[in-house]
Amino acid sequence: MSRLTLMLTGIAVVLFAVSALAGTAPLSLADCLSALAGQGGDAARVIVWEIRLPRAAAAFGVGVALGLAGAALQGLLQNPLAEPGVLGVSAFAALGAVIAIFFGLAGVSGLVVPLAAILGAGLATLVLVAATLRGASSVTLLLIGIGLSSFAGALVSLAMNLAPNPYSLADLVNWMMGSVANRSWADIVLAAPAWGIGTALVLLAGPGLRALSLGEDTAISLGADIRRTRLLVIGGTSLLAGASVATAGAIGFVGIVAPHLVRPFVRHDPQRLLVPSALLAGVILLAADILIRVLPFQQELKLGVAAALVGGPVFIWIAARLGRASA
Amino acid sequence: MISVSGLCISIAARRIVDGLSFTLDGGELVALTGPNGAGKSTVLKALAGVTAAASGEIGISGVPASDYGAMARARQVAWLAQSRPVAWNLCVEDVVALGRFAESPAAYGRLGTGGRRAVDTALAKADAVHLVGRSFQALSGGEQARVHLARLLASPAPCLLLDEPCAALDIAHQLSLMETLAAEAATGRAILVVLHDLDLAARFCNRIIVLKDGRKVADDAPERALSADVLAHVFGVRRTGSGGLVRAG
């Protein structure tokens, strides 16, 4: 484990502890700490263990998954602006989840919603990879991503219009903006297998991603199995992004910001980028969620909104720098 | 080392390489030349396993190329493409270490001692030791070319293919690159290099293969391969009394 990975892991542990202390319920520091240790009153224990910690775990898990998916997609497409949110992968995952929920399929099994989200994510990723194979430039890919996002957004509204069940605008906002409020351990348990398998697949693609730094043809001549790398990343990011969206809705930009910050510390190596990017993205979302909880707003800010507030400008900054470099 | 017979390659229904046969042995430095669009790069891509052949056979070390897996083939043949994108700002030694991908797909810092020594030796041969630790994208064109050469030399492959390695190099670097290749061939490697500079090819290479429209026109020692006839009909040039080349006609 590198020093960077250790440091990020340490920060995550500290933030988890802080998140047990932060919230609107009037608990004292001592109450929280004793609840954390499994003592004290029932109410405090429930608030800490059943409300605050699962919410923190959801924020961290979603962040890790999106950071890893972002770093892997960037390596595969050789494009520093690639990320599930920007490329429309998250929006398609949300579409899958919404279709499953609003047409009553969610009742069949708890697995249906995550599976539908993963399927949606996989569909969008396939479109992107097909475009890459036909020689689409970075700009074209981003444009396709914008198209996929708007299209999925429109289809989500359409699905809600057609749905036999009553719906509310709040649901739409939840899916398209993203939030981890009110998540339970059951939500985490549902997403965890997809996150685990997705992580394993993406990490297996690591060496292939480094070879891809020299372009696809050269990577093939080096002995890298590019088709395998592509399949691993498509499968892995679909699982990671799909399960994340099923847990928290579509949260954008964190998958761009984290790899961008990590890159100089791992000598720009696309393989070594993966794990620290995942951890940093987890830490960012965890910290953002803590901040949201303590901000004195009437209604709580959505996590996805907070992520976009910070991530959007960073995205524009990276894009502007890229434009200058290629000009 | 490499034997090609009856190689035909089509791209988008257009025949790019048409019935090409030649051999390349260890210890040889052979130039592949011809006018633009003659199919030189496509031949190299087919040898490197990047482009599929429509028909014909490629043998590598006596075994049909199709019998090799990707990794095994990369241990036999290393290729320097004409366009050499580097997507990320990798550091120099990690780019060179990628030349050993088929042996160990690790970054320089995680290579074994043998792998590291191979990278260091290759950097020295390519005169790029002083670039270690630098970021690739901050290098000049000539420096980048040397790092790519080092990446090729770090490969375990006995056969090296280079597509216009002299493009964008000043004359001193062109000469030093050709000297490095000649020295490498002298150690027993088989080297096929696409060159546009006929004088450079004639000066350093054992043999010159001339392609035109996907067919082999000449395959001989430099002075015979670049006969007045070939110069006139393939390249549309002739030699003046002072030895320079001018446009024919």
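What share of the contacts in chain A with a separation of 6 or more is accounted for by residues 24 or more positions apart? In this predicted model, such residues account for 78% of those contacts. Chain A is built from 14 helices and zero strands, whereas chain B holds an open sheet of six strands and an open sheet of four strands. The two chains touch each other through 20 residues of chain A and 22 residues of chain B.

**Chain A: overall form and confidence**

- The C-alpha trace of chain A spans about 65 × 50 × 35 Å along its principal axes.
- Of the 327 residues in chain A, 53% count as buried.
- Chain A has a mean pLDDT of 88, with 95% of its residues reaching 70 or more.

**Chain A: a residue with positive phi**

- Gln78(A) has a phi near 50°, a positive value in a residue other than glycine.
- Gln78(A) is placed in the loop between α3 (42-77) and α4 (89-102) of chain A.
- Gln78(A) counts as buried because it has 20 C-beta neighbours inside 10 Å, and 20 or more is the cut-off for that class.

**The contact between chains A and B**

- The contact involves 20 residues of chain A and 22 residues of chain B.
- On the side of chain A that touches chain B, the elements giving two or more residues are α9 (206-211) and α10 (216-221) of chain A.
- Helix α10(A) gives the most to this side, with four residues.
- By class, the side of chain A that touches chain B has seven nonpolar, seven polar and six charged residues.

**Chain B: the six-stranded sheet**

- The strand order of this open sheet is β6-β7-β8-β3-β9-β10 (chain B), and the pairing is mixed.
- β6 (77-80) and β10 (215-220) of chain B stand at the edges; each has a single partner strand, so one side of each is left without a neighbour in the sheet.
- On average, neighbouring strands of this sheet are turned by 15° against each other, direction ignored.
- Strands β7 (residues 159-163) and β8 (residues 190-194) of chain B run parallel and are joined by five bridges. Within this pair, Leu162(B) has Val193(B) in β8(B) as its bridge partner.
- β9(B) and β10(B) pair in the antiparallel sense, also over five bridges. Here Asp220(B) in β10(B) is the bridge partner of Ile208(B).
- The hairpin of β9(B) and β10(B) has two residues between the strands, and Asp213(B) takes a positive phi near 50° in this hairpin.

**Chain B: helices across the six-stranded sheet**

- Helix α1 (residues 40-48) of chain B lies across β3 (29-33), β6, β7, β8 and β9 (207-212) of chain B. Its direction is at about 150° to β7(B).
- Helix α6 (residues 171-186) of chain B lies across β3 and β8 of chain B, and runs at about 155° to β8(B).

**Chain B: the four-stranded sheet**

- This open sheet has the strand order β2-β1-β4-β5 (chain B), with antiparallel pairing.
- At its edges stand β2 (14-24) and β5 (63-64) of chain B, each with a single partner strand, so one side of each is left without a neighbour in the sheet.
- Strand β1 (residues 2-11) of chain B pairs with β2(B) in the antiparallel sense over seven bridges. In this pairing Ile9(B) stands opposite Val17(B) in β2(B).
- Ser61(B), in the loop between β4 (55-60) and β5 of chain B, has a positive phi of about 50° although it is not a glycine.
- Ser61(B) is partly exposed, because 15 other C-beta atoms lie within 10 Å.

Methods: Residues are numbered from 1 along each chain as its sequence is written. Chains are lettered from A and ligands numbered from 1 in the order in which they are written. This is a predicted model: local features need pLDDT of at least 70, side-chain atom pairs count only at pLDDT 80 or more; totals for chains, interfaces and linings use all residues. Two strands pair if DSSP finds at least two bridges between them. Axes are lines fitted to C-alpha atoms, for helices over the stretch in contact, and angles run from 0 to 180 degrees between N-to-C directions. Two residues are in contact if their C-beta atoms, placed from the backbone, lie within 7 Å. Ala, Val, Leu, Ile, Met, Phe, Trp, Tyr, Cys and Pro count as nonpolar, Asp, Glu, Lys and Arg as charged, and the others, Gly among them, as polar. A residue is buried if 20 or more other C-beta atoms lie within 10 Å of its own, exposed if 12 or fewer, and partly exposed in between; C-beta atoms are placed from the backbone. pLDDT is the predictor's confidence in each residue, from 0 to 100.
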